[in-house]
Amino acid sequence: MPKVDNNIVIENARIGFRNFSGAAGKYNTAGSRNFCVFLEYELGEVLEKDGWNVRWLEPRDPEDIRQPYLQVALNYNNFPPKIALVSSKGKTRLDETSISILDWAEIENVDLIIRPYNLEVNGKTGVKAYVKSMFVTLEEDELDTKYMDVPDSAANSLKGLDDED
């Protein structure tokens, strides 16, 4: 199988099965940070032919078509991803300690670049998907907007405690 070296850019992506914290679970080993991105059917077929590990969800309604998706990994060891949380307050970079906030965030939009990692295990080849960069826009309601400029009193209280030491 030929080596895959092109990144995939997906704007307005639909993501699911979020495990940005890397929590252990029925389908996840502890420390494995990942999520799934749902693909357009045609893109799923092309990526699968190129060797990407595309999986397919069977439809609930037999009249519908299967839904292709890619499991996308996050790894902060060799090539740390650039991930930003976007809100009306601006853009905030997320790192290894803050990325878990995305597990439960209400997300309005995701734009991401996926980089390929060509692998060979026990004589079998394939392409694993890793996040290169991702911008996640939070869904905000009218109260988020109303109170966005109110200072965080807990943060101010903590600053006062540091001064007393």
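**Figure 1. Strand E5, a strand mostly tucked away inside the structure.** Of the 8 residues in strand E5 (residues 67-74), 6 are buried, so the rest of the structure largely encloses this strand. Keep in mind that everything shown here comes from a predicted model. Who are the neighbours of E5? Strand E3 pairs with E5 in the antiparallel sense, over 6 bridges. Strand E4 (residues 54-57) also pairs with E5 in the antiparallel sense, this time over 4 bridges. E9 and E5, on the other hand, run parallel and are joined by 2 bridges.

**Figure 2. Tyrosine 69 and alanine 73, two places to look along E5.** Start at tyrosine 69 in E5, which is the bridge partner of phenylalanine 38. Tyrosine 69 also has arginine 55 standing opposite. Now move along to alanine 73, which stands opposite tyrosine 130 in E9. Tyrosine 69 turns up in a group of rings as well: together with Phe17 and Phe38, Tyr69 makes up one aromatic cluster. Phenylalanine 17, from that cluster, belongs to strand E2. There's something to spot in its backbone too: the phi of phenylalanine 17 is near 50°, which is positive even though the residue isn't glycine. For background, most residues other than glycine have a negative phi.

**Figure 3. Phenylalanine 20 and phenylalanine 35, a stacked pair of rings.** How many aromatic pairs does a search of the whole structure find? The search turns up 6. One of them is formed by phenylalanine 20 and phenylalanine 35, whose rings are stacked, with 5.1 Å from centre to centre and 20° between the planes. Phenylalanine 20 sits in the loop between strand E2 (14-19) and strand E3 (33-38), while phenylalanine 35 is in strand E3, so the pair ties together parts that are 15 residues apart in sequence. Are these two residues buried or exposed? Phenylalanine 20 is buried, with a relative accessible area of 1%. Phenylalanine 35 is buried too, at 0% relative accessibility.

**Figure 4. Tyrosine 117 and tyrosine 130, an edge-to-face pair.** Tyrosine 117 comes from strand E8 (residues 107-121) and tyrosine 130 from strand E9 (residues 124-138), so the pair links distant parts of the chain, 13 residues apart. Tyrosine 117 is partly exposed, at a relative accessible area of 44%, whereas tyrosine 130 is buried, at 13%.

**Figure 5. Arginine 66 over the ring of tryptophan 56.** In this view a charge meets a ring. The charged end of arginine 66 sits over the ring of tryptophan 56, and the distance to the ring centre is 4.4 Å.

**Figure 6. Asparagine 53 and the largest pocket.** Asparagine 53 is in the loop between helix H1 (41-49) and E4. At 44% relative accessibility, asparagine 53 is partly exposed. Which residues does asparagine 53 contact, once you leave aside its neighbours within four places in sequence? The answer is Tyr69, Leu70 and Val127. Leucine 70 is 17 residues away from asparagine 53 in sequence, yet their C-alpha atoms are 6.6 Å apart in space. The largest pocket holds about 330 Å³ of space. Its lining is made of 20 residues, and Asn53, Arg55, Gln71, Ala73 and Lys128 are the ones nearest its centre. E3, E5 and E9 are the elements that each give two or more residues to this lining.

**Figure 7. Valine 127, a buried residue of strand E9.** You'll find valine 127 in strand E9. Valine 127 counts as buried, at 5% relative accessibility. Not counting residues up to four places away in sequence, valine 127 touches several others, including Val4, Trp52, Asn53, Pro116 and Tyr117. Valine 4 is 123 residues from valine 127 in sequence, but the two are 7.2 Å apart in space, C-alpha to C-alpha.

**Figure 8. Asparagine 122, an exposed loop residue.** Asparagine 122 lies in the loop between E8 and E9. Asparagine 122 is exposed, with a relative accessible area of 79%. Its phi is near 50°, another positive value in a residue other than glycine.

Conventions
Residues are numbered from 1 along each chain as its sequence is written. This is a predicted model: local features need pLDDT of at least 70, side-chain atom pairs count only at pLDDT 80 or more; totals for chains, interfaces and linings use all residues. Side-chain values use heavy atoms; hydrogens and water are left out. Rings of Phe, Tyr and Trp (its six-membered ring) pair if their centres lie within 6.5 Å; planes under 30 degrees apart count as stacked, over 60 as edge-to-face and the rest as tilted. Buried means under 20% relative accessible area, exposed over 50%, partly exposed in between (1.4 Å probe, protein chains only). A charge sits over a ring if NZ of Lys or CZ of Arg is within 6 Å of the ring centre and within 35 degrees of the ring normal. Two strands pair if DSSP finds at least two bridges between them. Contact means heavy atoms within 4.5 Å. On a 1 Å grid over the protein atoms alone, a cavity is a set of points where a 1.4 Å probe fits but cannot get out, and a pocket is an open set with protein on both sides within 12 Å along at least five of seven lines; lining residues have an atom within 4 Å of a point. Grid points are joined across faces, edges and corners, and a volume is the space filled by probe spheres set on the points.
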